[in-house]
Amino acid sequence: MSEGTGKVLPNRPGWLASVNPWVLRVVNNPERLAFVLHRLTGLLMALIIMAHIFVTGTPARVGWEAWAEEIAKAQGITVVTLYFFFFAGIAWYHGLNGIRLLLVEFFGTCIGKPEKPKPPYLAPSLKACQRKLLYTVYILWAILWILTGYIVFMG
Amino acid sequence: MVKKSTVQIWLQYVTAILLIFLLTWHLLVRVPWLRGVETFKDTLASEKVYHEVSSYGILLLIFAYVALLHGFNGLRTILLEWTSGKYNGLITGTIIILFIIFGALATYTVIGITPP
């Protein structure tokens, strides 16, 4: 954690810290990586949604000829297929991790029950299945992104 | 009286639940085998896209508005956190204007479409 300089207060190390997975010097902390990835993919999604709505409006705004011209590039490795590939990858992670967050935060599942602290003071949430859920998210993300790549580039 | 922050977080959770179904559907319609075509490019053919928009226009519009709500609400939260509340009005105002602009664009895409 930041010690604090003239402009930055201790415990408020600035906006860059919120996208730095290692700002908390804690060993074995995949939840922090999940948080940073969720935030980054969320930011990118919010920006790409605007571009996506603009581009998919082409038939209504410009006409079907312009749409056909764009779609002609949707084969092999092109700007259009790379856009779909990265957008899908970002959406897969944000969606899968979002389901995990809903289960853990909103529905309160997989976080264990409160208990009296006893040595070695391992939090119930770290013993419950939420971490398995987290690793499942990473694995499913990789599988679905590879499958998306196959469909977009090879299909 | 419900707190504003409670409404904001509930908005994010409820739109997230809706988006799970809407996004899954939106991604599945681009899978060639499920659309009975050969390639990913074929799923984007003018006839297919027109059929999708004319048949499921309302669903697409709901998806666009829910995605914009979720996305812009999240973006606003991050920006407010980064700026420590210094530009609340400016950020909220910009987000509302962007929501109206892109919501209108999505509506026009569905309403203004003509057969290819």
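A residue is buried if 20 or more other C-beta atoms, placed from the backbone, lie within 10 Å of its own, exposed if 12 or fewer, and partly exposed in between. The model is predicted, so local features need pLDDT of at least 70 and side-chain atom pairs count only at pLDDT 80 or more, while totals for chains, interfaces and linings use all residues. Residues are numbered from 1 along each chain as its sequence is written, and chains are lettered from A in the order in which they are written.

**Exercise 1. Which residues of α5(B) are buried, and what covers them?**

Step 1. Helices here are DSSP runs of H or I with at least four residues, strands are runs of E with at least two, and both are numbered from the N terminus. α5(B) has 24 residues. From its first C-alpha to its last, α5(B) reaches 34 Å, close to the expected 34 Å, where the expected span is 1.5 Å times one less than the number of residues.

Step 2. The buried residues of α5(B) are Ile95(B), Phe102(B), Ala106(B) and Thr109(B).

Step 3. Their cover includes α1 (30–56) and α2 (58–61) of chain A, together with α4 of chain B.

**Exercise 2. Describe the side of chain B that touches chain A.**

Step 1. Two residues are in contact if their C-beta atoms, placed from the backbone, lie within 7 Å. The contact takes 31 residues from chain B and 31 residues from chain A.

Step 2. On the chain B side, the elements giving two or more residues are α1 (4–28), α3 (40–43), α4 (46–83) and α5 (88–111). The largest share, 11 residues, comes from α4(B).

Step 3. Ala, Val, Leu, Ile, Met, Phe, Trp, Tyr, Cys and Pro count as nonpolar, Asp, Glu, Lys and Arg as charged, and the others, Gly among them, as polar. By this rule the chain B side divides into 24 nonpolar, six polar and one charged.

**Exercise 3. At what angle do α4(A) and α1(B) pack, and which residues meet?**

Step 1. Axes are lines fitted to C-alpha atoms, for helices over the stretch in contact, and angles run from 0 to 180 degrees between N-to-C directions. Helix α4 of chain A (residues 79–106) and α1(B) pack at about 140°, with axes 10 Å apart.

Step 2. Residues of α4(A) that take part include Ala88(A), Gly95(A), Gly98(A) and Phe106(A). Among those they meet in α1(B) are Tyr13(B), Ile17(B) and Leu27(B).

Step 3. The residues of this contact divide into 11 nonpolar, two polar and no charged.

**Exercise 4. Which backbone features stand out in the loop between α4 and α5 of chain A?**

Step 1. Most residues other than glycine have a negative phi, and most peptide bonds are trans.

Step 2. Pro119(A) and Pro120(A) are joined by a cis peptide bond with omega of about 5°. Pro120(A) is in this loop.

Step 3. Cys110(A), also in the loop, has a positive phi of about 65°. Cys110(A) counts as partly exposed because it has 16 C-beta neighbours inside 10 Å.

Step 4. Tyr121(A) lies in the loop too, with a positive phi of about 55°. Having 6 C-beta neighbours inside 10 Å, Tyr121(A) counts as exposed.

**Exercise 5. Why is chain A said to be more spread out than a compact globule?**

Step 1. Chain A has six helices and zero strands.

Step 2. The radius of gyration is taken over C-alpha atoms, and the globule rule is 2.2 Å times the number of residues to the power 0.38. Chain A has a radius of 21 Å, well over the 15 Å the rule gives for 155 residues, so it is more spread out than a compact globule.

Step 3. The C-alpha trace of chain A spans about 70 × 45 × 25 Å along its principal axes, and buried residues make up 17% of the chain.
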